[in-house]
Amino acid sequence: EGYIALDNHDGDITGQVLAKEENGVVTYTVTDASGNTATKEATVTVMEKQAGYVEPEVIYARVDAILEQFITDDMTDREKVEAVYVWTHRGDHLIYGSAPDRTDWLQTAYEFLDRKKGDCYWFYAIQKLMLQRLNIPTIDVKKVKNFEKDSNHYWLLVSIDGGETYYHFDNVWSRQLCLATDKTLNKFSKAVNNCFNRDESLYPATPTEELPPSKLPWNDPAIMNA
């Protein structure tokens, strides 16, 4: 769960990925239509369940019930992404505040719905969960600290075209960072103490042009009060 495979000709070939686990290491392999093969390894860390652990099925059911209140079948993927942004940013559901626990993003997302207060990791977690439930491709992004005691920061790259292109998605700072290009994010980061410093070689480059203005009503009470 949580991986994607993109090809410059075949597009999203995630469904063709083969995964094999041995001694805690998962090897992912995928081959495109031309016979080119890529392999990636990931280490699996098995942890004891935390006190108060909530099963994923319970988490999914609760989040799906929330999404059903403001996501409609006629929405485009872009409108769905923006609606999630509005719900988490504009309503009274969640506020920014100190929250040090970053053990399990899925459990964090669920706890956020009850606690209603958390830092950037908590916002990243609930947004990732909501977007995954809507089948929106996402990629995790973590800040590279500018100095030893610098703070962490977490956000997402989000696709609105099935995984072909990605835009930055962060609602802790500003609405302009909902589906932002690298250029916009880097300009914002430079103005605010390099808060989005990252190793750009690890992530797909965004399109160079900004998206056209949003058609979503950003003050829609049906979304903010869901």
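Two strands are taken to pair if DSSP finds at least two bridges between them. Helices (H or I, at least four residues) and strands (E, at least two) are DSSP runs, numbered from the N terminus. The model is predicted, so local features need pLDDT of at least 70 and side-chain atom pairs count only at pLDDT 80 or more, while totals for chains, interfaces and linings use all residues. Residues are numbered from 1 along each chain as its sequence is written, and side-chain values use heavy atoms, with hydrogens and water left out.

Strand 3 and strand 4 form a hairpin with two residues between the strands, in which N23 takes a positive phi near 55°. The two strands run antiparallel, and five bridges join strand 3 to strand 4 (residues 25-31). Within this pair, E22 stands opposite V25 in strand 4, and A19 stands opposite Y28 in strand 4. In general, strands of a sheet pair through backbone hydrogen bonds, either parallel or antiparallel.

Of the five residues of strand 3, the number buried is zero, so strand 3 lies largely in the open.

A second open sheet is made of four strands in the order 8-9-10-11, and the pairing is again antiparallel. Its edge strands are strand 8 (138-142) and strand 11 (178-180), each pairing on one side only. Neighbouring strands of this sheet are turned by 35° against each other on average, direction ignored. Strand 9 and strand 10 pair over three bridges in the antiparallel sense, and L157 stands opposite H168 in strand 10. Helix 4 (residues 120-133) lies across strand 8, strand 9 and strand 10, and runs at about 25° to strand 9.

The loop between strand 9 (154-158) and strand 10 (167-169) contains T165. This residue counts as partly exposed, at 27% relative accessibility. Contact is defined as heavy atoms within 4.5 Å. With its neighbours within four places in sequence left aside, T165 is in contact with V158, S159, I160 and P207. The C-alpha atoms of T165 and T206 are separated by 6.4 Å, although these residues are 41 residues apart along the chain.

Helix 1 packs against two other helices. Helix 1 (residues 56-70) and helix 2 (residues 77-89) pack at an angle of about 105°, with their axes 11 Å apart. That makes helix 1 roughly perpendicular to helix 2; angles under 35 degrees count as roughly parallel, over 145 as roughly antiparallel, 65 to 115 as roughly perpendicular and the rest as oblique. At this contact, I66, L67 and F70 in helix 1 meet A83, V84 and W87 in helix 2. The residues involved divide into six nonpolar, no polar and no charged. For this count, Ala, Val, Leu, Ile, Met, Phe, Trp, Tyr, Cys and Pro are nonpolar, Asp, Glu, Lys and Arg are charged, and the others, Gly among them, are polar.

The axes of helix 1 and helix 4 come within 10 Å and cross at roughly 80°. Helix 1 is thus roughly perpendicular to helix 4. In this contact, I59, Y60, V63, D64, I66 and L67 in helix 1 meet L129, M130 and R133 in helix 4. By class, there are seven nonpolar, no polar and two charged residues.

A disulfide is a covalent bond between the sulfur atoms of two cysteines. Here a disulfide is counted as a pair of cysteine sulfur atoms within 2.5 Å, and the structure holds zero disulfides. C120 is in no disulfide, and the nearest cysteine sulfur, that of C195, is 10 Å away. This distance between the sulfur of C195 and that of C120 is too far for a bond. C120 is buried, with a relative accessible area of 4%, and C195 is buried, with a relative accessible area of 7%.

How values were computed: Axes are lines fitted to C-alpha atoms, for helices over the stretch in contact, and angles run from 0 to 180 degrees between N-to-C directions. Buried means under 20% relative accessible area, exposed over 50%, partly exposed in between (1.4 Å probe, protein chains only).
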